[in-house]
Amino acid sequence: MAEKKSIKFSYVLNAVKCMACAACELECKFNGIYIDDTANYAINPVNCTRCGKCFRACPSGAISKVDVAA
Ligand code: SF4
Ligand code: SF4
């Protein structure tokens, strides 16, 4: 009953909690943080490597880790 190591996760940015401090954008080395059409910070899942730097840098808890169905 070994658990598969294929659990996928991603980081999501909650624009309601975000105070636009730009810490995540400065931390991200992969161009994963961008400003979307509604002028809110958002994560681009294509560029994001799930390194977690933005998650750790965010002072307002706006970035969270979520499981993604494989
Ligand atoms: S998890 Fe890493 S790569 Fe993804 S948006 Fe955050 S800092 Fe960028
Ligand atoms: S670090 Fe957090 S509060 Fe700052 S811009 Fe990014 S998501 Fe928003």
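Visitor: Which residues are around ligand 1?

Guide: In this predicted model, the residues around ligand 1 are Tyr11, Cys28, Phe30, Gly32, Ile33, Cys48, Thr49, Arg50, Cys51, Gly52, Lys53 and Cys54, where being near a molecule requires a heavy atom within 4 Å of it. Residues are numbered from 1 along each chain as its sequence is written, chains are lettered from A and ligands numbered from 1 in the order in which they are written. Because the model is predicted, local features need pLDDT of at least 70 and side-chain atom pairs count only at pLDDT 80 or more, while totals for chains, interfaces and linings use all residues, and side-chain values use heavy atoms, with hydrogens and water left out.

Visitor: How does the shell around ligand 1 divide by class?

Guide: The shell around ligand 1 has seven nonpolar, three polar and two charged residues, with Ala, Val, Leu, Ile, Met, Phe, Trp, Tyr, Cys and Pro counted as nonpolar, Asp, Glu, Lys and Arg as charged, and the others, Gly among them, as polar.

Visitor: And where does ligand 1 sit?

Guide: Ligand 1 sits in the largest cavity, and sitting there means that more than half of its atoms lie within 2 Å of the grid points. A cavity is a set of points, on a 1 Å grid over the protein atoms alone, where a 1.4 Å probe fits but cannot get out, and its lining residues have an atom within 4 Å of a point.

Visitor: What volume does the largest cavity have, and which residues are closest to its centre?

Guide: The volume of the largest cavity is about 90 Å³, taken as the space filled by probe spheres set on grid points that are joined across faces, edges and corners. Its lining has 13 residues, and those closest to the centre are Cys28, Gly32, Cys48, Cys51 and Cys54.

Visitor: Where does ligand 2 sit, then, and which residues are closest?

Guide: Ligand 2 sits in the second largest cavity, surrounded by 14 residues, of which Cys18, Cys21, Cys24, Cys58 and Ser60 are the closest. The shell around ligand 2 has 13 nonpolar residues, one polar and no charged.

Visitor: Changing topic, in what order do the elements of the chain run?

Guide: From the N terminus on, the order is β-α-β-β-α-β, made up of two helices and four strands, which are DSSP runs (helices H or I, at least four residues; strands E, at least two) numbered from the N terminus.

Visitor: Is serine 10 buried or exposed?

Guide: Serine 10, in strand E1 (residues 8-13), is buried because its relative accessible area is 14%, the cut-offs being under 20% for buried, over 50% for exposed and partly exposed in between, with a 1.4 Å probe and protein chains only.

Visitor: What does serine 10 touch?

Guide: Not counting residues up to four places away in sequence, serine 10 touches Arg50, Ser64, Lys65, Val66 and Val68, a contact being heavy atoms within 4.5 Å. One of these, serine 64, lies in strand E4 (residues 63-68) and counts as partly exposed at 31% relative accessibility.

Conventions:
On a 1 Å grid over the protein atoms alone, a cavity is a set of points where a 1.4 Å probe fits but cannot get out, and a pocket is an open set with protein on both sides within 12 Å along at least five of seven lines; lining residues have an atom within 4 Å of a point.
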